[in-house]
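Here is a short report on one protein chain. Keep the sequence and the 3D view open as you read.

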Amino acid sequence: MVRLREFDEQKALEAAMHQFWEKGYEATSLSDLTSRMGIQRPSLYSAFGDKKQLFEAALRKYTQFHASFVSSQLQKTPSVKEAFRSFFEGVVAKEYGEDLNRGCFCINTMVELAPHEPKFEILTREHQMYLSAIFQGEIERGIRSGEIAKDTHAAALAQTLVVSLIGLTVMMKSRPDRSFIDNSVETILTLIK
């Protein structure tokens with residue numbers, strides 16, 4: 001007879017995601033995971049496989065959530081320029097407002113694992129491309145409405161904004177003076193004409 005799982009896999013996966021997000025892959029132990037997830041090792045292995053498989057599942061959960069969050073944030077206001085301003089300022093405010101300096105789980109993975117783990121190189125690159133597509137869609141909306149110049153190369157601008165977002169997020173891990181980041185955001189936003 002197959003034994004039923006006595007825990008909510010999605011809640012356990014979310015707990016693992018937060019653990020990995022806070023400490024990274026290498027610094028997170030199996031004891032950290034089982035404690036945070038509220039399950040025993042055999043249950044972890046049975047439900048998710050090994051630590052790397054669990055990390056991949058957690059990263060996939062995060063990227064789905066993050067892409068949906070970014071898209072909804074950018075669609076909150078009819079003005080595309082204001083939407084991007086609000087989004088970038090929100091990223092900065094959240095990072096400087098938290099005691100726990102987690103940054104972006106996907107970007108953290110890009111820095112920690114992508115250089116030597118092809119699977120995570122691909123997963124993080126896919127997320128970058130998806131964010132770029134979201135940004136491009138919003139830029140194209142601004143071009144159609146006349147808010148953004150018709151000669152704007154939407155794909156190139158979207159890619160530049162993604163690179164800027166990644167750079168800001170990595171930079172904020174070292175907590176530079178807030179004005180350094182705020183000035184950078186202001187300059188990035190001038191690219192949306």
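The sections below cover a helix pair, an annotated region, salt bridges and one glutamine.

## About the model

This is a predicted model, in which local features need pLDDT of at least 70 and side-chain atom pairs count only at pLDDT 80 or more, while totals for chains, interfaces and linings use all residues. Residues are numbered from 1 along each chain as its sequence is written, and side-chain values use heavy atoms, with hydrogens and water left out.

## Two packed helices

Two packed helices are described by the angle between their axes and the distance between the axes. Helix α2 spans residues 30-37, and helix α3 spans residues 41-48. Helices here are DSSP runs (H or I, at least four residues), numbered from the N terminus. The axes of α2 and α3 are 10 Å apart, at an angle of about 90 degrees. Axes are lines fitted to C-alpha atoms over the stretch in contact, and angles run from 0 to 180 degrees between N-to-C directions. So α2 and α3 are roughly perpendicular (65 to 115 degrees).

Which residues of α2 and α3 make the contact? From α2 come Leu30, Ser31, Leu33, Thr34 and Met37; from α3 come Arg41, Leu44, Tyr45 and Phe48. Contact means heavy atoms within 4.5 Å.

## The annotated region

UniProt lists residues 29-48 as "DNA-binding region", in an unreviewed entry. Such annotations may be inferred rather than shown by experiment. Over residues 29-48 the chain is 80% helix and 0% strand (a strand is a DSSP run of E, at least two residues). The end C-alpha atoms are 15 Å apart.

## Salt bridges

The structure holds 10 salt bridges. Each is a side-chain nitrogen of Lys or Arg within 4 Å of a carboxyl oxygen of Asp or Glu. One of them joins Arg36 and Glu22 (3.0 Å, N to O). Arg36 sits in helix α2 and Glu22 in helix α1, 14 residues apart. Another pairs Asp32 with Lys23, at 2.8 Å from N to O.

Lys52 forms a salt bridge with Glu117, with the closest N and O atoms 2.8 Å apart. Lys52 lies in helix α4 and Glu117 in the loop between α6 and α7, so the pair ties together parts 65 residues apart in sequence.

## A glutamine in α7

Is Gln128 buried or exposed? Gln128, in helix α7 (residues 118-145), is buried, with a relative accessible area of 18%. Buried means under 20%, exposed over 50%, and partly exposed in between, using a 1.4 Å probe and protein chains only. Leaving aside neighbours within four places in sequence, Gln128 is in contact with Met110, Val162 and Ile166.

Methods. Parallel < 35°, antiparallel > 145°, perpendicular 65-115°, else oblique.
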